[in-house]
Amino acid sequence: MLLDTGWQGSASLKCLCGGEAFPPELADKLLPLVGELWNMYGPTETTIWSSIHQVESGGGVVPIGRPIGNTQM
């Protein structure tokens with residue numbers, strides 16, 4: 001929704017995205033607008049993240065990453 005409103009972003013932002021699979025097309029649009037872009041994954045019902053991956057390119061599938069501290073996958 002931010003992109004649809006013409007949001008210009010900020011290089012000082014660390015963008016954390018979670019929920020459904022991260023579309024590579026969305027990553028391509030967000031990467032130039034933020035300082036860092038991260039894909040986070042975990043049980044949606046509790047909004048707890050279990051894994052994390054720093055997105056550096058939207059080409060192909062965006063991985064859910066590696067387990068964060070004190071978690072296993």
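Cys-17 is buried in this predicted model, its relative accessible area being 18%. Its sulfur has that of Cys-15 as the nearest cysteine sulfur, 3.6 Å away. A disulfide requires two cysteine sulfur atoms within 2.5 Å, so Cys-17 takes part in none. Cys-15 is likewise in no disulfide, and the nearest cysteine sulfur to it belongs to Cys-17. The count of disulfides for the model is 0.

Cys-15 has a relative accessible area of 18% and is buried. The cut-off for that class is under 20%, which means that a value of 18% places Cys-15 in the buried class.

| Cys-15 | 18% | Cys-17, 3.6 Å |
| Cys-17 | 18% | Cys-15, 3.6 Å |

Turning to the whole chain, 23% of the 73 residues of the protein chain count as buried. The accessible surface of the protein chain amounts to about 5200 Å². Carbon and sulfur atoms account for 56% of that surface.

The secondary structure of the protein chain consists of 1 helix and 4 strands. Read from the N terminus, the order of these elements is β-α-β-β-β.

The C-alpha trace of the protein chain spans about 40 × 25 × 20 Å along its principal axes. Taking contacts in the protein chain between residues at least 6 apart in sequence, 28% join residues at least 24 apart.

Definitions and conventions:
Residues numbered from 1 in each chain as written. Predicted model: local features only at pLDDT ≥ 70, side-chain atom pairs only at ≥ 80, totals over all residues. Heavy atoms only, no water. Buried < 20%, exposed > 50% of the residue type's maximum accessible area, 1.4 Å probe, protein only. Helix = DSSP H or I, 4+ residues; strand = E, 2+ residues; numbered from the N terminus. Contact = heavy atoms within 4.5 Å. Areas by Shrake-Rupley, 256 points an atom, 1.4 Å probe, with all protein chains shown as cover.
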